[in-house]
Amino acid sequence: MVVVDGVVRARASSRRPRGRAGRRLAAALLVLPLLGAVALVLGPAGAAPAQAASACSGRLVKTVTFSTGSLRVYKSRAYACAVTVAKKPGARRAMKVSLQPRGGRAVVDSGRFTKLAGPVTVHALNRCVRASGSVGGSSGSTGWILC
């Protein structure tokens with residue numbers, strides 16, 4: 001409270017700081033929300049990098065490993081899906097994945113890839129499927145599965 005000319009007045013508490021301190025406060029109020037947003041986007045510091053999401057939907061039902069990679073087969077209600085994943089991603093190399101439903105044609109993805117070949121998907125409701133995959137000169141395959 002302040003008395004001015006015999007009148008009691010309330011002191012203004014919402015005064016802005018002046019000078020250097022005011023500029024620092026204003027800068028901090030602008031920068032802190034931006035840093036918080038960046039932290040939300042990038043995740044916590046020191047955290048391990050997240051694994052990439054699977055290229056196929058459904059549950060993993062079979063994994064066949066071989067010296068240069070692995071073949072992974074997934075199953076959802078009506079579909080089967082397969083990918084071939086390189087053990088050591090990096091340089092482009094020949095990769096292939098094939099998925100065939102019993103009584104149908106194989107769906108193939110082949111080429112020179114760095115990390116994975118596929119996904120390939122076939123309709124497999126009440127059908128067996130077989131899959132094969134290769135990375136470089138090494139390969140793996142399943143027999144008839146999901147019967």
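Two strands pair if DSSP finds at least two bridges between them. Strands here are DSSP runs of E with at least two residues, helices are runs of H or I with at least four, and both are numbered from the N terminus. S6 and S9 are joined in this way by 7 bridges and run antiparallel.

## The model

This is a predicted model, in which local features need pLDDT of at least 70 and side-chain atom pairs count only at pLDDT 80 or more, while totals for chains, interfaces and linings use all residues. Residues are numbered from 1 along each chain as its sequence is written, and side-chain values use heavy atoms, with hydrogens and water left out.

## Overall make-up

The protein contains 1 helix and 10 strands. Read from the N terminus, the order of the elements is β-β-α-β-β-β-β-β-β-β-β.

Of its 147 residues, 27% count as buried; buried means under 20% relative accessible area, exposed means over 50%, and partly exposed lies in between, with a 1.4 Å probe and protein chains only. The protein exposes about 10,400 Å², of which carbon and sulfur atoms supply 56%. These areas come from the Shrake-Rupley method with a 1.4 Å probe, and for residues only the protein chains shown count as cover. A contact means heavy atoms within 4.5 Å. Among contacts in the protein with a separation of 6 or more, 44% are between residues 24 or more positions apart.

Strand S6 covers residues 93–101 and strand S7 covers residues 107–113; the two pair in the antiparallel sense over 7 bridges. Within this pair, Ser-98 stands opposite Val-108 in S7. The hairpin of S6 and S7 has 5 residues between the strands, and Gly-103 in that hairpin takes a positive phi near 85 degrees.

S6 is also joined to S9, again by 7 bridges and antiparallel. Here Gln-100 has Arg-130 in S9 as its bridge partner.

## Strands S3 and S4

Strand S3 (residues 59–66) and strand S4 (residues 69–75) run antiparallel and are joined by 7 bridges. A hairpin of 2 residues leads from S3 to S4. Thr-63 has Arg-72 in S4 as its bridge partner.

Gly-58 lies in the loop between helix H1 (20–42) and S3. Gly-58 counts as partly exposed because its relative accessibility is 49%. Leaving aside neighbours within four places in sequence, Gly-58 is in contact with Tyr-74, Lys-75 and Ser-76. Gly-58 and Tyr-74 are 16 residues apart in sequence, and their C-alpha atoms are 5.7 Å apart in space.

Another loop residue, Lys-88, lies between strand S5 (79–86) and S6. Lys-88 has 64% relative accessibility, so it counts as exposed. Its C-alpha atom is separated by 7.6 Å from that of Gly-69, 19 residues away along the chain.

## Ser-138 in strand S10

Ser-138 belongs to strand S10 (residues 138–141). Its relative accessibility is 15%, so Ser-138 counts as buried. Apart from neighbours within four places in sequence, Ser-138 is in contact with Phe-66, Ser-67, Thr-68 and Gly-133.

The side chains of Ser-138 and Ser-67 are joined by a polar contact of 2.9 Å. A polar contact is a pair of N or O atoms within 3.5 Å; within protein, one must be able to donate a hydrogen and the other to accept it, and residues adjacent in sequence count only if both atoms are side-chain atoms.

## Backbone exceptions

Most residues other than glycine have a negative phi, and most peptide bonds are trans. Asn-126 has a positive phi of about 60 degrees although it is not a glycine. Asn-126 is in the loop between S8 and strand S9 (129–135), and counts as exposed because its relative accessibility is 78%.

Leu-146, also not a glycine, has a positive phi of about 65 degrees. Leu-146 lies in the segment after S10 and, at 26% relative accessibility, counts as partly exposed. The peptide bond between Gly-118 and Pro-119 is cis, with omega about 10 degrees. Pro-119 is in strand S8 (residues 116–123).

## A charge over a ring

The charged end of Arg-102 sits over the ring of Trp-144, 4.4 Å from the ring centre. A charge sits over a ring if NZ of Lys or CZ of Arg is within 6 Å of the ring centre and within 35 degrees of the ring normal.
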